[in-house]
Amino acid sequence: MVATEDESAVSNLLAAYEGELNAHARYKAFAVKAEAEGMNGAASLFRAAARAEQIHASNHARVLRRMGGEATAEIRPFRVKSTLENLKTALGGEQHEIDKLYPQFLIQASSQLDTAAARSFVWAMEAEKTHARLYEDAVVAMEAGPGWTQEQLEFHVCTLCGYTAKNQEADNCPACNFVWDRFERIR
Ligand SMILES: [Fe+2]
Ligand SMILES: [Fe+2]
């Protein structure tokens, strides 16, 4: 019999897992649209963020299975609009996860001393902050005219926590301390 605290951890992990997989699906579609619009830098950013969301999903799924849960998710329908609108949608989604979703899950996980779940949530939340910053920069760049959003770019994605950056920032990941040499380069 699963204890009540475990049940809430499992349902939060499941919700987070589903959210990350849906974000992954949206960003992949947004990348295709950006490429079609000649916004290759934005396409690179969507691909990098999509990879990070996939890493979050598998981290959540690992903890979920360890707690006896099953990782299943439904991909909800979404609309692909212009790249500028897609960037704004993506930014809004990240902001929601940073301000509401993960902080709420973290409070519950910490009160249960559920360290594996808490770590998975913290890593995702820290990476979402990097996505929010990058999306915000992209929106500003696009609204200002032809900017970095047009040229294909290389992003660095931490394969452990999904931290995403335009350039190497340190020897180790600022969020999870993983060695930067093991980051994935996504274009
Ligand atoms: Fe994200
Ligand atoms: Fe990391």
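**Entry 1: the strands**

I began with strand E1, residues 155–157, and found that E1 and E3 pair in the antiparallel sense over three bridges. This is a predicted model, so I keep that in mind for every value below. Which residue of E3 is the bridge partner of Val157? I looked it up, and the partner is Glu184.

I stayed with H2 for a while. H2 has 27 residues and reaches 39 Å from its first C-alpha to its last. That is close to the 39 Å expected at 1.5 Å a residue. I also checked how covered H2 is: 19 of its 27 residues are buried, so I wrote "mostly covered".

I picked out Ala48, which sits in H2. Is Ala48 buried or exposed? Its relative accessible area is 0%, and buried means under 20%, so Ala48 is buried. Leaving aside neighbours within four places in sequence, I found Ala48 in contact with Phe155, Val157, Thr164 and Ile186.

After H2 comes Gly68, and its phi is positive, near 90°.

**Entry 2: the iron ion**

Next I went to the iron ion, ligand 1. Which protein residues give it donors? I noted Glu53 (OE), Glu94 (OE), Glu94 (OE), Glu128 (OE) and His131 (ND1). Along the chain, the donors follow the spacing E-x40-E-x33-E-x2-H.

Glu94 lies in helix H3 (residues 83–111) and Glu128 in helix H4 (residues 115–143), so this pair ties together parts that are 34 residues apart in sequence. I checked the burial of both: Glu94 is buried, and so is Glu128.

**Entry 3: salt bridges**

How many salt bridges does the structure hold? There are six, and I followed up some of them.

I looked at Arg47 and Glu35. They form a salt bridge, with the closest N and O atoms 3.0 Å apart. Arg47 is in helix H2 and Glu35 is in helix H1 (residues 4–36), and the two residues are twelve apart, so I filed this as a link between distant parts of the chain. Glu35 has 41% relative accessibility and counts as partly exposed.

I moved on to Lys88 and Glu143. Their closest N and O atoms are 2.9 Å apart in a salt bridge. Lys88 lies in H3 and Glu143 in H4, so the pair ties together parts that are 55 residues apart in sequence. I put Lys88 down as partly exposed, at 42% relative accessibility.

My last pair was Lys129 and Glu126, a salt bridge with the closest N and O atoms 3.0 Å apart. Both residues lie in helix H4, three residues apart, which is about one turn of the helix. Lys129 is partly exposed at 29% relative accessibility, and Glu126 is partly exposed at 26%.

**Entry 4: two loop residues**

I finished in the loops. Thr149 is in the loop between H4 and E1. At 1% relative accessibility, Thr149 counts as buried. What does Thr149 touch, not counting residues up to four places away in sequence? My list has Met39, Asn40, Gly41, Ala42, Ala138, Ala141 and Met142.

Asn177 is in the loop between E2 and E3. Is Asn177 buried or exposed? At 55% relative accessibility, Asn177 counts as exposed, because the cut-off for that word is over 50%. I also looked up its backbone: Asn177 has a positive phi of about 75° although it is not a glycine. I marked that with a reminder: most residues other than glycine have a negative phi.

Key. Residues numbered from 1 in each chain as written. Chains lettered and ligands numbered in written order. Predicted model: local features only at pLDDT ≥ 70, side-chain atom pairs only at ≥ 80, totals over all residues. Heavy atoms only, no water. Pairing = 2+ DSSP bridges. Helix = DSSP H or I, 4+ residues; strand = E, 2+ residues; numbered from the N terminus. Donors = N, O, S within 2.8 Å, 3.2 Å for Na, K, Ca; no water. Buried < 20%, exposed > 50% of the residue type's maximum accessible area, 1.4 Å probe, protein only. Salt bridge = Lys/Arg side-chain N within 4 Å of Asp/Glu carboxyl O. Expected span 1.5 Å × (residues − 1). Contact = heavy atoms within 4.5 Å.
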